[in-house]
Amino acid sequence: MYAEVIVDLSAEAVDKRFSYAVPEGMALTPGMLVTVPFGPRTLDGFVVGIKDQCSLDPSRVKPITKLARHEPVVLPELMELADWMHDRYLCNLVDALRLMIPSELRGGRVREKTRRYAALALEGDALEQFIASNPRAKKQLEIVEQLKAGPLETAGLDSAALKALEKKGAVVISAQETRRTPTALADERRTVDPELMPGQARAVETLTAALDGGGRFLLHGVTGSGKTEVYIRLIRQALHLGRTAIVLVPEIALTPQMVSWLHGRFGADAAVLHSALSPGERFDEWRRIRSGEARVVIGARSAIFAPIQNIGCIIVDEEHESSYQSDHRPRYDAREIAWKRAQTHGAVLVLGSATPSIATYMRTERGVRPENRLELIELRQRVKNRPLPEVEIVDLRGEFDKGNRSIFSERLAIELQACLDGGHQAMLFINRRGHSTFVSCRKCGYVVKCDQCDVSMTYHQSEENLRCHYCGNTMAPPKKCPNCGSVYIKYFGAGTQKVEAEVARLFPKARVARMDIDTTQRKDAHQQILDAFRRGETNVLVGTQMIAKGLDFPNVTLVGVVAADMTLNLPDYRSVERTFQLITQVAGRAGRADLPGKVILQTYEPEHYGIRCAAAQDYRAFYTRESAGRRLAMYPPFSVIMRVVFASKSSDSARNAAEAAEKALDAWVTEQDLHEDVLQLRAAEAPISLLRGEFRWQLYLKLYFRADADAFAERLRALADEAPEGVKGELEVNPVNMI
Ligand code: ADP
Ligand code: ZN
Ligand code: ZN
């Protein structure tokens, strides 16, 4: 017998099936993980096929060295999915296969954690006799005494003595497997079901009915409408029918409530998969899923590859989040994979959001072909008919005229004071970390930039340094202008640290906490910050978009959006959409229980439709306006954007590569007679022209949505791979960001 193996090495040159001989007695099936000789090395490999013939000279076929586990690690369905991804995302097959297993399995780095226990093998007279005949083995007798009370873990006992006892037959040692429990799941409590609101009940009815045969839905519910409860009822019905569920959330650490709610309802049926778990924890959770013990999987993007069978429903919460799209190879979209797996299993797919992405919402419109269509379910009311928070727009230009130089407008300061006086809590949102966003010379205008990237450095007060948010480079703040020698160096632009400092300075009653990448490096740091806020130990939470998602704190009555327009004018066609989503989501954190909520939106562009619609929390109005704009400018989903980024230590090489690729693509388009499909094709400097010490040029391509995008992508991938020596080419299709 021969096995076809994909070796665990990501390179196009080895993106093919290699044949190996199956040693006598090794029971192999596709999906198994093996070790194979590869040139001078030994590599892991995935078995993708078994055959009884091999076209190679049998003497040249090497045998498989070892079988890693006696069960397939990749299920047949996921093997097929990997094949599909290989074509769809133009990745190496092994890149896709790697996503299907916890990385700990590769290279055999983690094993089942076993504890070993020692127990007495003798009792009564036999035991007494043993003790009497070994009077000088003090350590051994000590252990025997201890074990009289019952078995003990071997770890705490003298190992030499234990070994001797085992040899003499007085003690037996047994291994027992234990599972590591992730902290998020450690406290197990069962919660009772609330009575559903009429809208929730209708949604549950429609969704559960679709468990018979499958269906695809967009659950569009305003913030606080109780979407989670709808998910829970759907999952429960799926389990009742003997099926399973996957729930995707943007980032586990930021959605602790979702995890605890699901766990509260499903107990040990639930498993959590995410990157902050220790390798051992992740491996154990994966095995609980693989064995069928856990039937509800909760996780971030990559949990969509969970080895779960007989799926009844797949839920993608906050579907508009860009974290569902991978920004490195393979550049897959978890929503697309969810769509695909739901189809394979005849499962119900639910994409849920208060602010669906434009592209997703468009699929609910009439006229969309059935295979692309989503059925729209709306929850227009908050739970218990609570009102949406009242939003007030504050024009920051007016504040400046009044002579207010603080980052807080008069209105925000008054409301924050009132909120604290009332014993309530506030959240202040600003989508930048650090203290000041750039440092510049008042005399000549010089801006301090990273020497590895073409971006300005951010001042961090707590560390007293300047940092590059792209490469992590740090430097001491300059005392004199490096350009003109002037000492008038000024710090501009506010980030979370500055807001935190200002709150502390202006509001003595405030007990302020900050949540951003810098304060959440440690494991479980997110949870600690959020728990302290929930317990009321802190009463003002300052944060980046980390605080915008699904958080539910009943005592929060005020949300301040410190700079609503900060992300409005970025060079990306989605910048208005993202701003609208962020503001609407963060505004939705206010007034979620019995206390009414208030939102103060500070902006320099109070007339902008993105700001206006977010203030009105009017998704439909925003959608109508934004989709019309996209149609007019031919941006996705009315077109497909692709680019190849060429990066090199040499600016000229990067440029030449991009320009050569442009010529080559143009020639190909002419030859294939595809000019009608191309809206734009050009080589240009990337928006960030220097990143981590590499110069970046890009070949940018915009296609009509009806063009054969796959053919273009394939051609571009070839051009990326053909980049000359010293230049890296990377293809991106509808990239998450355009830096
Ligand atoms: P969304 O995700 O739509 O913003 P959540 O799922 O976070 O809303 O629900 C908001 C709050 O309402 C949560 O505290 C939740 O426990 C509660 N809730 C949900 N449904 C009900 C209900 N039918 N009755 C009472 N409370 C509910
Ligand atoms: Zn200067
Ligand atoms: Zn940098």
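**Entry 1: domains.** Before anything else I noted that domain bounds here come from an automatic or database domain assignment. I also noted that this is a predicted model. With those bounds, the chain falls into domain 1 (2-108), domain 2 (114-177), domain 3 (183-384), domain 4 (386-435 + 494-631), domain 5 (438-479) and domain 6 (639-733). I then looked up one separation: the C-alpha centres of domain 2 and domain 4 are 63 Å apart.

**Entry 2: the zinc ion (ligand 3).** Which residues hold this ion? I found Cys 450, Cys 453, Cys 468 and Cys 471, each giving its SG atom, at 2.2 to 2.4 Å from the zinc. Along the sequence these donors have the spacing C-x2-C-x14-C-x2-C. Cys 453 sits in the loop between β18 (436-441) and β19 (458-460), and Cys 468 sits in the loop between β20 (465-467) and β21 (474-475); this pair, 15 residues apart, links distant parts of the chain. I checked the accessibility of these two and found both Cys 453 and Cys 468 buried.

Why do I call the arrangement around ligand 3 tetrahedral? I call it that because the four donor atoms subtend angles of 105 to 113° at the zinc ion, and the cut-off asks for all angles between 85 and 135 degrees. For reference, the ideal angle for four tetrahedral donors is 109.5 degrees.

**Entry 3: the zinc ion (ligand 2).** I went on to the zinc ion numbered ligand 2, where the SG atoms of Cys 441, Cys 444, Cys 481 and Cys 484 coordinate at 2.3 to 2.4 Å. The angles between these four donor atoms run from 107 to 114°, which makes this arrangement tetrahedral. The spacing of the donors along the chain is C-x2-C-x36-C-x2-C. Cys 441 belongs to strand β18 and Cys 484 to the loop between β21 and β22 (489-494), so the pair ties together parts 43 residues apart in sequence.

Buried or exposed, I asked of Cys 441? Cys 441 is buried, at a relative accessible area of 2%. Cys 484 is partly exposed, with 34%.

**Entry 4: cavities.** How many cavities of 30 Å³ or more does a search of the whole structure find? My answer is two. The largest cavity has a volume of about 50 Å³. I listed its lining as Phe 429, Asn 431, Ala 563, Ala 564, Met 566, Thr 567, Thr 579, Leu 582 and Ile 583. By class, six of these lining residues are nonpolar, three are polar and none is charged. Helix α17 (residues 575-587) contributes the most to this lining, with three residues.

The second largest cavity holds about 40 Å³ of space. Its lining consists of Gln 325, Ser 326, Arg 331, Glu 732, Val 733, Asn 734, Pro 735 and Val 736. Here I counted three nonpolar, three polar and two charged residues.

**Entry 5: a buried helix.** I looked at helix α9 (residues 256-266) next: 10 of its 11 residues are buried, so the helix is largely enclosed by the rest of the structure. Among the buried ones are Met 258, Val 259, Leu 262, His 263, Arg 265 and Phe 266. Just after α9, Gly 267 has a positive phi of about 50°.

**Entry 6: backbone notes.** I looked up two cis peptide bonds. The bond from Arg 329 to Pro 330 is cis, with omega near -10°, and Pro 330 lies in the loop between β13 (311-317) and α11 (334-345). The bond from Pro 636 to Pro 637 is also cis, with omega near 5°, and Pro 637 is in the loop between α19 (619-633) and β27 (639-648).

Asn 385 has phi near 55° and belongs to the loop between β15 (375-379) and β16 (390-395). Gln 617 has phi of about 50° and is in the loop between α18 (609-616) and α19. Gln 617 counts as buried, at 14% relative accessibility.

Terms used. Residues numbered from 1 in each chain as written. Chains lettered and ligands numbered in written order. Predicted model: local features only at pLDDT ≥ 70, side-chain atom pairs only at ≥ 80, totals over all residues. Heavy atoms only, no water. Donors = N, O, S within 2.8 Å, 3.2 Å for Na, K, Ca; no water. Tetrahedral: all angles 85-135°; square planar, octahedral: opposite > 155°, others 65-115°. Helix = DSSP H or I, 4+ residues; strand = E, 2+ residues; numbered from the N terminus. Buried < 20%, exposed > 50% of the residue type's maximum accessible area, 1.4 Å probe, protein only. 1 Å grid on protein atoms, 1.4 Å probe; cavity = no way out; pocket = protein on both sides within 12 Å on 5 of 7 lines; lining within 4 Å. Points joined across faces, edges and corners; volume = space filled by probe spheres on them. Nonpolar A, V, L, I, M, F, W, Y, C, P; charged D, E, K, R; others polar.
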